[in-house]
Amino acid sequence: MTKDSISWIIVNNSLKLTTKNLIRGNKFYNEKIIFSNDQEYRVWKPYKSKLAAAILNGLEILPIIEKSRILYLGASQGITASHVSDMIGPEGVIYAVEHSHETAKKLQEEVTSKRKNIKPIIMDVAKPSQYQIIDRKVDVVYVDLDQPNEMEIAILNCKMHLRVGGYLLFMVKTRSVDEYQ
């Protein structure tokens, strides 16, 4: 079954969420590769990605489609970004912002060096006016931060880079939920 740019494939009597591999033959975090109808799919593990977990739990609106332009705040090592890269295809683009130089180095070495539709931005997410690489508004701002002022950062980035009618996908860390209760 296919919905937009993701597929559900039965493997060993279990339904698995997958994305069609944009870079055939490449894996990024030891995910399982499945071949079906002469296509290669990467199994998307929900315990490695909050977006995968949201999809598996019935996310109703998924605005990430082929050719989308995404501003990804907190790209980390690129697990979710690599699957989003599959979803948007070669004509889409992800501006992957990561402030940690150590994490960004791994992101560049393992993901963005192979996936040309991911453009790394190694910079403070709280300074969106300095993202010189972004040439026009994005369709989606995807936020997966671990900062106390993450909502303010998200709003600032949306005001500067999100097109009118675009989407904000805000991933909340469980620790963040616990802190506010």
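**Salt bridges and pockets in a predicted model**

The side chains of arginine 163 and aspartate 139 meet in a salt bridge, with 2.8 Å from N to O. Arginine 163 belongs to strand 10 (residues 162-170) and aspartate 139 to strand 9, so this pair ties together parts that are 24 residues apart in sequence. The two partners can also be described by their accessibility. Arginine 163 has a relative accessibility of 34% and therefore counts as partly exposed, whereas aspartate 139, at 18%, counts as buried because the limit for that class is under 20%. The model considered here is a predicted one, and its salt bridges come to seven in total.

A second example is the salt bridge between aspartate 135 and arginine 69, in which the closest N and O atoms are 2.9 Å apart. This pair, too, links distant parts of the chain: aspartate 135 is found in the loop between strand 8 (118-122) and strand 9 (138-143), while arginine 69 is in strand 6 (residues 69-73), 66 residues away. Why does aspartate 135 count as exposed? Its relative accessible area is 59%, and exposed means over 50%. Arginine 69, by contrast, is buried, with a relative accessibility of 8%.

Aspartate 86 is part of helix 2 and arginine 42 is part of strand 5 (residues 39-43); the two are 44 residues apart, and the pair links distant parts of the chain. Both aspartate 86 and arginine 42 are buried.

These two residues also take part in a wider arrangement. Which residues are linked with them in a network of salt bridges? The network consists of Glu31, Arg42, Asp86 and Arg115. Of its members, glutamate 31 may be followed in detail. Glutamate 31 sits in the loop between strand 3 (14-20) and strand 4 (33-36). Its relative accessible area is 0%, and it therefore counts as buried. The side chain of glutamate 31 reaches the backbone nitrogen of phenylalanine 28 at 3.1 Å. A polar atom of that side chain also lies 2.8 Å from the backbone nitrogen of tyrosine 29. When residues up to four places away in sequence are left aside, glutamate 31 touches Asn26, Arg42, Val43 and Lys45.

Sorted by class, the lining of the second largest pocket contains four nonpolar, three polar and four charged residues.

The largest pocket has a volume of about 320 Å³. How many residues line the largest pocket, and which of them lie nearest its centre? There are 20 lining residues, and Gly74, Ala75, Ser76, Asp144 and Lys173 lie nearest the centre.

Methods
Residues are numbered from 1 along each chain as its sequence is written. This is a predicted model: local features need pLDDT of at least 70, side-chain atom pairs count only at pLDDT 80 or more; totals for chains, interfaces and linings use all residues. Side-chain values use heavy atoms; hydrogens and water are left out. On a 1 Å grid over the protein atoms alone, a cavity is a set of points where a 1.4 Å probe fits but cannot get out, and a pocket is an open set with protein on both sides within 12 Å along at least five of seven lines; lining residues have an atom within 4 Å of a point. Grid points are joined across faces, edges and corners, and a volume is the space filled by probe spheres set on the points. Ala, Val, Leu, Ile, Met, Phe, Trp, Tyr, Cys and Pro count as nonpolar, Asp, Glu, Lys and Arg as charged, and the others, Gly among them, as polar. A salt bridge is a side-chain nitrogen of Lys or Arg within 4 Å of a carboxyl oxygen of Asp or Glu. Helices (H or I, at least four residues) and strands (E, at least two) are DSSP runs, numbered from the N terminus. Buried means under 20% relative accessible area, exposed over 50%, partly exposed in between (1.4 Å probe, protein chains only). A polar contact is a pair of N or O atoms within 3.5 Å; within protein, one must be able to donate a hydrogen and the other to accept it, and residues adjacent in sequence count only if both atoms are side-chain atoms. Contact means heavy atoms within 4.5 Å.
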